[in-house]
Amino acid sequence: MIKKILITAVLITTFLLGCKKDGGVGPQQGRDDAAFAIYENSFLEGLWKLDPDQATMAGYHKYDSLLFVPDDKSRDKRVNYAKVQLDSLSRFDVTTLNDANKIDYHIMQNQAEMMEWKVQELKSYQWDPTQYNITGTFAYIVNEPYAPLAKRLRNFYEKMANIPAYFKEAEKQVKSPVAELTSLAAGQLTAGAGIFEKDFADSLKKSNIPQGEQKQMLDRAHTSAETIKAFAEWLTALKNDKPRSFRLGKELYDAKFKYEIQAELGAQQIYNAAVERKKSIHHEMAKLSKKLWPKYFGTKPMPADSLELISQVIDTLSSKHVQPGEFQRAIENELPKLISFIKAKDLLTLDLSKPLIVRKEPGYMAGVAGASESSPGPYDKDGNSYFNVGNLNGPEYNQYILQILCIHEGIPGHYVQQTYANKSPSLIKSIFGNNAMIEGWAVYGEEMMLDNGFANDEPEMRLMWYKWHLRSVCNTILDYGVHTQNMARQDGLKLLTHEAFQQEAEAEGKWKRVTVSSVQLDSYFTGYKEITDLREAYKKKINEKYKLKDFNEKFLSYGSAPVKYIKEAMLAKGSGSSGG
Ligand code: ZN
């Protein structure tokens, strides 16, 4: 059935493009853009049919009831889809499209190439058992109130039908997996089984579904939970004499960086830039620490070693805590201050018609990050934006960092960026939002606020920001070092504690993360560097007409696109000199 649907999509695409070609009187701007918009829809429709889980998470709920068995046939379908899309894309002349569509074109091309590469080269379905953790989608369906409860529960029920076949196939696919990913998957799946045993059962009770039907649904949920736990046990007991290393290796790493980060520079160049950045930050931090020393230590002699000096000043400043339990109120108090500062300094226009709601992190999200921001999905632009307050205890979350956190997650960070992005009507950019751009903007926003005098130019604030920023910088150094240069555990930990001034526990947690992920940790610094570089280039181009506000607004107006394509548009000849 799925195959048939796919073929229909392909036919429609070919037909539309055929029409365009037959017209053949050279590029006609409006017409190509109109044809391209139609093609975008068929690209997405085809993708959702192929990947119902991704569709559900994107907020597209037509296929919520489907779960595909991860066999060779399903991967062949992905490769075919990718090839068809690349062929369809090649029939458009990208130079005739408008800026927004040009960027979409590049993003779609990248998606299709990445899909092929993942099946044919990365092959993580063999060595990364966390790929088979499908419990997240089920959790989303049962917990997110996007549709009436009974409807969501019935989709959940139907989706469960393929769970036994799914894990039977997964056992066939897993070969010499990475040990760290294997135990992570076993833990995630064991915990995830609770969604079927508890969340689903609890929600059923609250629903108006008849008793008899409920009983049938509970039976299947029970079988599903047992199947998932059995797979977790199978993973744990797996005889794995020659596990694959958790280190990705340079070749795969470079390719993954290219597809996931989509930066102008390569992984190695970004790594080199991070090493340089660390050096210059240390230099600035030493200067600030020398200046602050007498204020906090009086006549006590300064440590000769500059990293030791910085570390002592940071420790002293970090003791200014916010009481646990007071975080939510502290954040609520902070946001209006950020708004008036941005208005006073005229940094960018804020649209506050959809407010940012500060809330306690919901239970099913717990443990992901200390704080996070959730924005309405691409298919639900009218949804709420939330500032999720998780566990923010410990010296990392002192009074200074709390303010930086509010900038990063909220204003002018993620919340503001998302508000701008939702105004650009591209589904493609919302769905394949570029993480380096998104995180880079939040980091860029922190520095921009400080550069404009936020917190009265206090040297304490600047020093603590540098410490915070070193986290992004060292994430990049660590990730690249571990996956391509064999960086040893003790060297990684030393980098984080000694040179980024992190607590032992935080550094240990980061080491764990770098053994079960790759490239992801590069987004923050890469995006930050690209945006600051772009601003410099833009300044040069615009000259005396340059205004920070114009840059910020114009940059954000392109949506969550890779910075290199925004750059192409912003620096193009004839592109306007004021904000768009
Ligand atoms: Zn962030």
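**Cavities and zinc site in a predicted model**

The second largest cavity has a volume of about 40 Å³ in this predicted model.

Q: Which elements give two or more residues to the lining of the second largest cavity?
A: Gln418, Ala421, Asn422, Ser424, Ser426, Lys429, Ser430, Gly559 and Ser560 line this cavity. By class they divide into one nonpolar, seven polar and one charged. Two or more residues come from each of α17 (414-421) and α18 (427-431).

Q: What is the volume of the largest cavity?
A: Two cavities of 30 Å³ or more are present. The volume of the largest cavity is about 70 Å³.

Q: Which helix gives the largest share of the lining of the largest cavity?
A: The lining consists of Glu396, Ile401, Lys467, Trp468, Arg471, Ala500, Gln502 and Glu506. Three are nonpolar, one is polar and four are charged. The largest share, three residues, comes from helix α20 (residues 459-484).

Q: How are the donor residues of the zinc ion spaced in sequence?
A: His408 (NE2), His414 (NE2) and Glu439 (OE) coordinate the zinc ion at 2.1 Å. The spacing of these donors is H-x5-H-x24-E.

Q: Is histidine 408 buried or exposed?
A: Buried means under 20% relative accessible area. Histidine 408 has 5% relative accessibility, so this residue counts as buried.

Q: Is glutamate 439 buried or exposed?
A: The zinc ion has Glu439 (OE) among its donors. The cut-off for buried is under 20% relative accessible area. Glutamate 439 has a relative accessible area of 11%, so this residue is buried.

Note on methods
Residues are numbered from 1 along each chain as its sequence is written. This is a predicted model: local features need pLDDT of at least 70, side-chain atom pairs count only at pLDDT 80 or more; totals for chains, interfaces and linings use all residues. Side-chain values use heavy atoms; hydrogens and water are left out. Donors are N, O and S atoms within 2.8 Å of the metal (3.2 Å for Na, K and Ca); water is not among the atoms, so sites may look incomplete. Buried means under 20% relative accessible area, exposed over 50%, partly exposed in between (1.4 Å probe, protein chains only). On a 1 Å grid over the protein atoms alone, a cavity is a set of points where a 1.4 Å probe fits but cannot get out, and a pocket is an open set with protein on both sides within 12 Å along at least five of seven lines; lining residues have an atom within 4 Å of a point. Grid points are joined across faces, edges and corners, and a volume is the space filled by probe spheres set on the points. Helices (H or I, at least four residues) and strands (E, at least two) are DSSP runs, numbered from the N terminus. Ala, Val, Leu, Ile, Met, Phe, Trp, Tyr, Cys and Pro count as nonpolar, Asp, Glu, Lys and Arg as charged, and the others, Gly among them, as polar.
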